[in-house]
Structure formats: C-alpha cells, structure tokens
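Q: I would like to learn how to read a model feature by feature. Where do we start?

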Amino acid sequence: MLIIPVIDLCDGIVVHAVSGKRKLYQPITSTISDDSEPESILSAFFRLYPFKIIYIADLNSIEGKNNHSKLINKFANQYKECEFWVDAGIKQVLAKESDYIGDNIKLILGSENAIQPNDYQNLIKTNPNILLSLDFDKNGLVNNSYLLNKGIIWPKKVIVMMLHLVGSNNGIDFNHLKKIIAINKNSEIYLAGGIKDSDDLKKLNLIGVKGCLIATALHQKKITKKDLDSFFLSVKKMPRYSRH
C-alpha cells in the first residue's frame, strides 16, 4: 500500500484542511517543519520517507482564483522520480492545455464538480491519466450520484475523499469504505480522511486499499518516520493482496 502525503495550498502557503470547510483553513502548524512554506513542508515529507506520490490541492485554482501552477511545475521538475497528483478544479481538467505541465503531474477530477454523465465518460475516455476523486460529506457523495451506480465507468485510480473526516482525527469510516470498494473491484482505491495512526495503515492494507492520503497524522507525529519504515518493511514481507 502506498502512503501519499497531502499539501493543501492557499495564497502561497500550506494550510490545515479540516472537514472540507475551506474558508476556515489556517496556516499549517507542523512538528516536522518550522514554517508553512510549501518548500519546507515538501522537504519535511521527504525527510520522513522517499514517497513515490505527493497529493496537492491547489485551493486557489479550485475556487477560480490565481493558481500555484508555477510552484507545482517547479516541484515536478525538481522531483522527477515522484508523481504529483494535483486537484486544481474542473477548469484545468477541461482545458485543452493545462497550466500544470510535466509527465509526472496527474490531474484529478473531483465529483464535487457537477458534470453530466456523457461529458464525464467522454472526458475519461479522452484523458486516461485523469484520477477520479469521489468526494463525500456527511450526507453522502457530493454531486454526480450516477458515479456510484456504475463503477465500470471509473478510471483506473479512484480517491475516496471523506471530506467531513479530513483533519478531524475522528477515524476512518470503514463500513462506508468497504461499500465503495465493492462497487468496482477493478479500480485502485485510495482513501483520504480520518487516518489517525499506524494501526489504521495496517487495517487499510488488509482490506486491499491501494494507498492512503495523509497530512495531519504526519504533521502531528502520530505517524512517525519509524512507523513508516516499520510499515513498509512489513508490507514487503506480506503476500500480495488481491480483491479479485
């Protein structure tokens, strides 16, 4: 299972995402970095472990403001061995030429953006590298309910984004997660929201989750460098899990 650190960018700094309430986000306070500068946070993550993927939410772009594409493109060029999964809003996904360039940048389509079924299917068909983020709040999927009726139309990589649990330390909704996994056993499932500690990592690995997105637990040292080393060592020793 992959562990994917998260960076939420707003107005040039990294902020602490809590429960999807973007207007309330404040600069991140971290035990692994001296400040909330994006370069500092990214360097701090790589000191913990040579992660293969970093998730970045460009909150300015999502809200239709100026984006952080220059900074993110710089990161992608600097760390060529790492993939950067970028949620920059639907306009960047639909653009003929995105502002985010680089073979190691993959754009994310969030289900919070209303999109008609035919438009969605055409988009996925013509853009095979796009990731789908199924965005949930406490009331269920945010927009585009048809996505839960036909798992066959999901792309290869799908993020289950529990917005109401992000940054909350309230734990993972395993019952809900298992129901989503059961909809399509061919897509790789990545979870975001509610991960508290290394025990949660082990539980997610056991049910076949391909990866998980984490920020708060890393910043608060609830998942440490030692925990990461131990977890990845144990994963290498375990037989490969299959959901098929």
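Q: Is Asn 144 buried or exposed?
A: This is a predicted model, so keep that in mind throughout. The cut-off for buried is under 20% relative accessible area. Asn 144 has 11%, so this residue is buried.

Q: Where is Asn 144 found?
A: Asn 144 sits in the loop between β8 (140-141) and β9 (157-162).

Q: What is the phi of Asn 144?
A: Phi is positive, about 55 degrees, although Asn 144 is not a glycine.

Q: Now a helix. Which residues of α5 are buried?
A: Helix α5 covers residues 117-126, and its buried residues are Tyr 120, Leu 123 and Ile 124. Look down the axis next. The buried residues of α5 fall within an arc of 95 degrees, so they line one face of the helix.

Q: Which exposed residues does the face turned away from the buried side of α5 carry?
A: That face carries Asn 118, Lys 125 and Thr 126.

Q: What covers the buried residues of α5?
A: The cover includes a helix, α4 (90-94). It also includes two strands, β6 (105-110) and β7 (131-137).

Q: On to empty space. How is it found?
A: Rolling a probe the size of a water molecule over the atoms shows where empty space is left.

Q: How many cavities of 30 Å³ or more does the structure hold?
A: The structure holds one. About 440 Å³ of space lies in this largest cavity. Its lining has 36 residues, and the closest to the centre are Val 6, Asp 8, Ala 17, Met 161 and Val 166.

Q: Which elements give two or more residues to the lining of the largest cavity?
A: The strands are β1 (2-10), β2 (13-16), β4 (53-58), β7 and β11 (211-214). The helices are α2 (59-62) and α8. Strand β7 is also part of what covers the buried residues of α5.

Q: How do the residues of that lining divide by class?
A: The lining of the largest cavity has 21 nonpolar, ten polar and five charged residues.

Q: What volume does the second largest pocket have?
A: The volume is about 300 Å³. This pocket is lined by 16 residues, and the closest to its centre are Ser 98, Ile 105, Leu 107, Asn 127 and Ile 130. Two elements, α4 and β6, each give two or more residues to the lining.

Q: Which element gives the largest share of the lining of the second largest pocket?
A: The largest share is three residues, and it comes from β6.

Q: What classes make up the lining of the second largest pocket?
A: Eight residues are nonpolar, five are polar and three are charged.

Q: Last, salt bridges. How many does the count come to?
A: The count comes to four. The cut-off is a side-chain nitrogen of Lys or Arg within 4 Å of a carboxyl oxygen of Asp or Glu.

Q: With which residue does Glu 63 form a salt bridge?
A: The partner of Glu 63 is Lys 65, and their closest N and O atoms are 3.4 Å apart. Glu 63 is partly exposed at 39% relative accessibility. Lys 65 is exposed at 51%.

Q: Which residue meets Glu 188 in a salt bridge of 4.0 Å, N to O?
A: That residue is Lys 156. The pair links distant parts of the chain, 32 residues apart: Glu 188 is in strand β10 (residues 188-192), and Lys 156 is in the loop between β8 and β9. Asn 144 is found in that loop too. Glu 188 is buried at 17% relative accessible area, whereas Lys 156 is exposed at 54%.

Q: What is the distance between the closest N and O atoms of Glu 188 and Lys 157?
A: They are 3.8 Å apart, and the two residues form a salt bridge. This pair also links distant parts of the chain, strand β10 with strand β9, 31 residues apart. Lys 157 is partly exposed at 24% relative accessibility.

Q: Which residues do salt bridges with shared partners join into one network?
A: The network joins Lys 156, Lys 157 and Glu 188.

How values were computed:
Residues are numbered from 1 along each chain as its sequence is written. This is a predicted model: local features need pLDDT of at least 70, side-chain atom pairs count only at pLDDT 80 or more; totals for chains, interfaces and linings use all residues. Side-chain values use heavy atoms; hydrogens and water are left out. Buried means under 20% relative accessible area, exposed over 50%, partly exposed in between (1.4 Å probe, protein chains only). Helices (H or I, at least four residues) and strands (E, at least two) are DSSP runs, numbered from the N terminus. The arc is that of the directions from the helix axis to the C-beta atoms. Contact means heavy atoms within 4.5 Å. On a 1 Å grid over the protein atoms alone, a cavity is a set of points where a 1.4 Å probe fits but cannot get out, and a pocket is an open set with protein on both sides within 12 Å along at least five of seven lines; lining residues have an atom within 4 Å of a point. Grid points are joined across faces, edges and corners, and a volume is the space filled by probe spheres set on the points. Ala, Val, Leu, Ile, Met, Phe, Trp, Tyr, Cys and Pro count as nonpolar, Asp, Glu, Lys and Arg as charged, and the others, Gly among them, as polar.
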